[in-house]
Amino acid sequence: MGKVLIIGAGGVGTVVAHKTAALPEVFTDIMLASRTKSKCDAIAKKIGGNRIKTAQVDADNVPQLVALIRSFKPDLVVNVALPYQDLTIMDACLETETSYLDTANYEPKDEAKFEYKWQWAYQDRFRDAGITGILGCGFDPGVTSIFTAYAAKHYFDEIHYLDIVDCNAGDHGKAFATNFNPEINIREVTQKGKYWENGKWVETEPHEIHKPLNYPEIGPKESYLIYHEELESLVKNFPTLKRARFWMTFGQEYLTHLRVIQNIGMASIDPIMYEGKEIVPIQFLKAVLPNPGDLGENYKGQTSIGCRIRGIKDGKEKTYYIYNNCSHEVAYAETGTQAVSYTTGVPAMIGAMMYLKELWKKPGVFNVEEFDPDPFMEALNQHGLPWHELHDVDLEL
Ligand code: NDP
């Protein structure tokens, strides 16, 4: 059916490679390209069957990307490198008239700030080139936005209150590790909290608001209000929302380590001189922390991510909770990665499949909630991320 170029051979790239390789009727040709080709080769070898071609590419370099895209001629580029590369990859897609999908919104390297304005600015150019840009197609953003669109389509006349709840109840046995790229992860969780209420953003101190929430099959976990990128597009695309918040669980041990890391300056993105060489503290920290891609082997327990929604149906108030639980051990057995990479990589593969099947194909740049959620929801059940729904329950929020 189509050719896909995957950029980024980390934890998420590993899952996208496994899942696309397992569907030869959809993904006829697959190339995995990254900064370090040996990582692509190792993933391709593990998958076997000559399913995956590999290449070296510096995704910060538009001419290199253009040359690679021109030689492989993919129908779609799946960007699972880092958010820093979003714009260069989008530029290369424009130049080669190739469609684009990613899982995280653009973030400048020298400023710990993420927002959609940079990528939304490509809307007219993508539309005029006749190519599709699918933004934020991981789990959160990604499935959480599709869950919201599904709820709005099928169960509500208006959605008023949205709480996205993200619990990782897994234990990897390490004193401190991040579940995806440490640099991106630490930048995300150390920033100020922010939520949408009555038409404006309300800012909080980092981790200021928290409460225990009950997660299915897991039980109560302390959950912290943080800002997360899908809130920006969801409040725009669902203007009936009176309030939208995002909650994530953290263990005390994790938060203590994080505080120390911040206090001693290791989370800083400002370059410093070390032995005559300029280094960025958080990048150095990444080099000494466990590689998220290697956490899988001893990871026990599960993640539970979902949306708790309150709104109106037929004039009456309705509550709805939709979620997926994913086991770290099951994810590892299938792809050799833990559940955080798995829950991101599977939706990226499904988004790519939606594009190739022409179910999600329109010129321009779109967040995932702007497409029909139904075929995607069906595919989640078929490809390893089954979801469950509860109607008219106490949402605790
Ligand atoms: P990793 O750090 O494990 O992998 C990133 C990969 O990108 C590495 O292989 C790295 O190469 C490669 N890379 C980095 N810079 C370049 C470059 N300039 N050129 C080419 N390749 C490059 O990250 P993850 O796999 O954990 O995360 C991947 C993406 O998924 C991130 O953008 C992250 O924010 C996003 N994500 C989204 C989630 C969601 O639910 N939406 C959840 C989790 C992650 P090298 O190996 O040489 O370092």
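Begin by selecting K361, which is partly exposed because 16 other C-beta atoms lie within 10 Å. The model is a predicted one, in which local features need pLDDT of at least 70 and side-chain atom pairs count only at pLDDT 80 or more, while totals for chains, interfaces and linings use all residues. Residues are numbered from 1 along each chain as its sequence is written.

**Around K361**

K361 occupies the loop between α13 and β17 (364-367). Element names refer to DSSP runs numbered from the N terminus, with helices being H or I runs of at least four residues and strands being E runs of at least two. Display T132 and Y355 next: K361 touches both, when residues up to four places away in sequence are not counted. Contact here requires C-beta atoms, placed from the backbone, within 7 Å.

How many residues of domain 1 are in contact with domain 2? There are 15 in domain 1, meeting 15 residues of domain 2. On the domain 1 side, select helix α1 (residues 11-21), which gives the most to this contact, namely five residues. That side of domain 1 comprises six nonpolar, five polar and four charged residues. In this classification Ala, Val, Leu, Ile, Met, Phe, Trp, Tyr, Cys and Pro are nonpolar, Asp, Glu, Lys and Arg are charged, and the others, Gly among them, are polar.

**The nonpolar core**

Turn to the largest nonpolar core, which has 114 residues; I6, I7, L32, V78, A151 and A352 touch the most other members. Such a core is a set of buried Ala, Val, Leu, Ile, Met, Phe, Trp, Tyr and Cys residues joined through C-beta atoms within 7 Å. Select helix α13 (residues 339-356) to see the largest share of this core, twelve residues. The core lies between domain 1 (2-135) and domain 2 (143-337 + 383-391), because both give residues to it. Centre the view on A352, which touches V4, T20, L76, V78 and L101, again without counting residues up to four places away in sequence.

**The ligand shell**

Now show the 34 residues around the ligand, of which G8, G10, A59, G138 and F180 come nearest. A residue belongs here if its C-beta atom, placed from the backbone, lies within 6 Å of the molecule. Helices α1 and α13 are the elements that give two or more residues to this shell. By class, the shell divides into 15 nonpolar, 14 polar and five charged residues. Domain 1 (2-135) and domain 2 (143-337 + 383-391) both give residues to the shell around the ligand, so it lies between them.

**Strand β12 and its partners**

Select strand β12 (residues 243-249), in which six of the seven residues are buried. Which strand pairs with β12 in the parallel sense? Strand β7 (residues 158-168) does, over six bridges; strands count as paired when DSSP finds at least two bridges between them. Within this pairing, R243 in β12 is the bridge partner of Y161.

Strand β8 (residues 193-197) runs antiparallel to β12 and is joined to it by two bridges; W196 stands opposite A244 in β12. Strand β11 (residues 219-225) is also antiparallel to β12, with three bridges, and Y224 has M248 of β12 as its bridge partner.

**Backbone details**

Most residues other than glycine have a negative phi, and most peptide bonds are trans. Select D140 and P141, which are joined by a cis peptide bond with omega of about 10°. P141 sits in the loop between β6 (132-135) and α7 (143-154).

Move to E217, a residue other than glycine whose phi is positive, near 65°. E217 lies in the loop between β10 (210-215) and β11 and counts as exposed, because 12 C-beta neighbours are inside 10 Å.

Finish at E396, in the segment after β18 (388-391). Phi of E396 is also positive, near 70°, and this residue is partly exposed, with 14 other C-beta atoms within 10 Å.

Key
Contact = placed C-beta atoms within 7 Å. Buried ≥ 20, exposed ≤ 12 C-beta atoms within 10 Å, placed from the backbone. Domains from an automatic or database assignment.
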